[in-house]
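Here is a short briefing on one protein chain. Look over the sequence and the fold, then read the points below.

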Amino acid sequence: MRVYETARDYCVLPGMHIVARIDGRNFTKLTKEVHKFEAPFDIKFTDYMIETAKHLMKCGFRIIYGYTQSDEISLLFHPEENTFGRKVRKINSILAGEASAKFTSLLGDIGCFDCRVSELPNIEVVIDYFRWRQADAHRNSLNAHCYWALRRKGFSAIDATNYLSNKTVSDKNEFLSNEGINYNDLPLWQRRGVGLYWKDFVIKGYNPIEKKKVEATRRDIKVDFNLPLGDEYSFLISAIIDGQKYA
């Protein structure tokens, strides 16, 4: 019977960079109707997504960079990661399951995620991927602030959506400005998403035997709420890959 389980197994080829994207399933209903998180952004929900991303970065795979915006998480694997022989079905099922379990424990209600794997041929495409997701975060953020501003003015969901359907980025910024909202003054994490990467931290302590202060280095995840844009963001991703490649 084993052959029926494994006949279609697919493994990511050596030398290919692995990025997994984990998405919430039916999260619009979960967050807007069932639990009614604050719109357009809720810091508690963002904290849940960050904690879920941190959990995934520690759940058995070597993950060197995480990125989260809205109800999605993207994870960049170490270039030499070979857990489970790089089987796609293992990566998808484990990350979707771990994300669902962690988020559910935080929310106190069932939150389900799916997962998909991208196989990227070089660092330049990896950088393009994360710049793509950051651009998506910016677009989603701008639309969300406009949409909920319209809803507060009494627009129905359909009317608000139709109103924004043909508006340019400039139009949307002007609309928010007229509503007293300067989009560029909003927190960066709302406009650019949140990055997570490993960093060495110096921990200060006290040695009671030698009766003196001591320092130790611990490696943990840094949560970056102030991600840069453009070439600076490309440099950050490249530096993370270079710094982790042979760790």
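**Helix 3 and its neighbours**

Helix 3 passes helix 4 in a right-handed crossing. A crossing is right-handed if the near helix is turned clockwise from the far one by less than a right angle, and left-handed if anticlockwise. The model is predicted: local features need pLDDT of at least 70, side-chain atom pairs count only at pLDDT 80 or more, and totals for chains, interfaces and linings use all residues. Residues are numbered from 1 along each chain as its sequence is written, and side-chain values use heavy atoms, with hydrogens and water left out.

- The axes of helix 3 and helix 4 (residues 88-107) come within 9 Å and cross at roughly 140°. Axes are lines fitted to C-alpha atoms, for helices over the stretch in contact, and angles run from 0 to 180 degrees between N-to-C directions.
- Helix 3 and helix 4 are therefore oblique to each other. Angles under 35 degrees count as roughly parallel, over 145 as roughly antiparallel, 65 to 115 as roughly perpendicular, and the rest as oblique.
- On the helix 3 side, the contact is made by F45, Y48, M49, E51, T52, H55 and L56. Helix 4 supplies L95, E98, A99, K102, F103, L106 and L107. Contact means heavy atoms within 4.5 Å.
- By class, this contact of helix 3 with helix 4 has nine nonpolar, two polar and three charged residues. Ala, Val, Leu, Ile, Met, Phe, Trp, Tyr, Cys and Pro count as nonpolar, Asp, Glu, Lys and Arg as charged, and the others, Gly among them, as polar.
- Helix 3 (residues 43-56) also lies across strand 1, strand 2, strand 3, strand 4, strand 5 and strand 6. Helix 3 runs at about 25° to strand 3.

**The chain as a whole**

- The protein chain has nine helices and six strands. Helices (H or I, at least four residues) and strands (E, at least two) are DSSP runs, numbered from the N terminus.
- Along its principal axes, the C-alpha trace spans about 65 × 60 × 40 Å.
- Of the 247 residues in the chain, 40% are buried. Buried means under 20% relative accessible area, exposed over 50%, and partly exposed in between (1.4 Å probe, protein chains only).
- Take contacts between residues at least 6 apart in sequence: 69% of them join residues at least 24 apart.

- Six strands form an open sheet in the order 4-1-3-2-5-6, with antiparallel pairing. Two strands pair if DSSP finds at least two bridges between them.
- Strand 4 (113-120) and strand 6 (212-224) stand at the edges, each with a single partner strand, so one side of each is left without a neighbour in the sheet.
- On average, neighbouring strands of this sheet are turned by 25° against each other, direction ignored.
- Strand 1 (residues 17-24) is joined to strand 3 (residues 72-77) by five bridges, and the two run antiparallel. I22 stands opposite I73 in strand 3.
- Strand 2 pairs with strand 3 in the antiparallel sense over six bridges. Here Y67 stands opposite S74.
- Four bridges join strand 2 to strand 5, again antiparallel. The bridge partner of T68 in strand 5 is V194.
- How many residues of strand 2 are buried? Seven of its seven are.

**Helix 5 against helix 7**

- Helix 5 (residues 123-152) and helix 7 pack at an angle of about 45°, with their axes 10 Å apart. That makes helix 5 oblique to helix 7.
- The crossing of helix 5 and helix 7 is left-handed.
- L142, N143, H145, C146, A149 and L150 in helix 5 meet V169, K172, N173, F175 and L176 in helix 7.
- Those contact residues divide into seven nonpolar, three polar and one charged.

**Loops and backbone geometry**

- A cis peptide bond joins A39 and P40, with omega at about 5°. P40 sits in the loop between helix 2 (27-34) and helix 3.
- Strand 2 and strand 3 form a hairpin with two residues between them. S70 is partly exposed, with a relative accessible area of 44%.
- K211 also has a positive phi, near 55°, in a residue other than glycine. The loop between strand 5 and strand 6 holds K211. K211 is exposed, at 65% relative accessible area.
- N184 is found in the loop between helix 7 (169-178) and helix 8 (188-192). N184 is exposed, with a relative accessible area of 55%.
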